[in-house]
Structures are given as C-alpha cells and as structure tokens.
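Below are my notes on the model, as numbered points. Please read them alongside the coordinates.

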Amino acid sequence: MSTEATTDESAGILLVDDMEDNLIALEAVLGSLNEPLVRARSGEEAMKALLRRPFALVLLDVRMPGMDGFETAANIKRLDQTKDVPIIFLTGAEDDSGYAFRGYATGAADYLTKPFDPWVLRAKVSVFLDLHRKNQQLERLLARQRTDYEEVGKQLADLEEELTDPQRTRIKELRHLLEKR
C-alpha cells in the first residue's frame with residue numbers, strides 16, 4: 001500500500017479482493033502509477049474505506065465470501081457519496097459468462113478476467129485516473145466561476161445602490177454631467 005499523502009489530484013485506487021496473492025499482484029502492477037493503493041479484503045471493508053475517503057477507481061473481485069462483488073457494487077452505486085466512482089470487476093476466467101453481463105448491469109465501468117494482462121490493466125486504470133483528474137479540474141473551474149459570478153453580482157448590487165441613492169454627491173455630479181450631453 002502506498003503511503004503517499006492524498007491530494008485533490010490523487011484520490012487513490014481501492015483494491016478489493018479476499019485473496020492476499022491477488023492484492024499483491026495488483027499492487028505490483030499498479031505501483032508504478034504513483035497513486036495511493038488501498039486494500040480491502042471484503043465488500044464490507046470496501047464500503048468502510050469508500051465512506052472514509054474519496055477514490056478515483058475501485059478494482060473489485062467478483063467472488064468473495066460474505067458480500068460478493070456484485071452486492072458490493074450495488075451498495076457503492078446506491079450511495080450518493082460513492083455512486084460516481086468507477087468500478088472495474090476482476091474475476092477468474094473459469095467464471096460463468098453471465099458474470100460479465102451481471103457486472104455491467106450492476107454499474108461496472110469495465111470487466112476483466114484473471115489472469116489479466118498487466119499492461120491492459122494499467123492502461124485501463126490510467127484512463128480512469130486521467131478522467132478523475134479532469135473531473136476535479138472541472139469542479140475547481142466551476143467553483144471559481146461561481147465565486148467570480150458572486151463577486152460580480154455583489155459589485156453590481158453595490159453599484160446599483162450607489163446609483164439609486166440621491167444623497168450621494170458623486171452621483172449628483174454624474175447625473176449633472178449626463179444631463180449636459
């Protein structure tokens with residue numbers, strides 16, 4: 001697990017699998033991306049992690065004891081706080097072909113079978129990380145734009161108040177100048 005401090009730019013990747021070897025493999029493949037990697041060994045742990053901090057992406061094993069990947073994904077998509085977090089399902093190649101359909105129906109953004117090609121997984125994860133960063137940039141721009149609009153609105157209200165106050169000498173002078181034209 002990476003110990004890097006999280007910033008707005010690096011929300012991190014949640015790795016959910018009940019098998020230690022699978023978590024180690026995911027960390028080995030994704031470690032070079034220099035993003036925080038957080039482990040969860042069950043669906044319940046994943047939900048707790050998602051409620052504690054933001055994530056750019058969830059890599060979710062389908063078959064786990066207790067809450068399986070499909071149930072975990074349904075819970076993730078049900079909550080306002082987590083509904084927009086993309087999910088990539090990971091499952092064994094021998095699993096039922098209906099799993100892919102069920103995964104997408106549950107709200108998965110992608111679905112990969114194990115063993116996975118490390119280059120393909122890293123490329124897919126990189127795309128979701130880039131999308132996350134771009135979404136954060138847009139949110140910051142929108143927040144800045146709202147602040148700018150509020151400031152302009154306040155300035156217009158101040159100007160309107162000044163223009164409608166007949167007691168102000170400056171306004172009288174401006175009116176006098178305007179009437180001369």
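1. Two strands count as paired if DSSP finds at least two bridges between them. Helices (H or I, at least four residues) and strands (E, at least two) are DSSP runs, numbered from the N terminus. In β5, the bridge partner of Ile88 is Asp110, and β4 and β5 pair in the parallel sense over five bridges.

2. This is a predicted model, in which local features need pLDDT of at least 70, side-chain atom pairs count only at pLDDT 80 or more, and totals for chains, interfaces and linings use all residues. Residues are numbered from 1 along each chain as its sequence is written, and side-chain values use heavy atoms, with hydrogens and water left out.

3. The chain has a mean pLDDT (the predictor's confidence in each residue, from 0 to 100) of 86, with 87% of residues at 70 or more. Residues 1-8 are below 50, and this stretch has 15 contacts (heavy atoms within 4.5 Å) beyond near neighbours in sequence. Where pLDDT is low, the predicted coordinates should not be read in detail.

4. The sheet is open, with five strands in the order β2-β1-β3-β4-β5 and parallel pairing. Because β2 and β5 (110-114) stand at the edges with a single partner strand each, one side of each has no neighbour in the sheet.

5. Strand β3 (residues 57-61) is largely enclosed by the rest of the structure, because five of its five residues are buried (under 20% relative accessible area, with exposed over 50% and partly exposed in between; 1.4 Å probe, protein chains only). Leu57, Leu59 and Asp61 cover one side, and Val58 and Leu60 the other.

6. β3 pairs in the parallel sense with β1 (residues 13-16) over four bridges, where Ile13 has Leu57 as its bridge partner. The pairing of β3 with β4 (residues 87-92) is also parallel, over four bridges, and Asp61 stands opposite Leu90 in β4.
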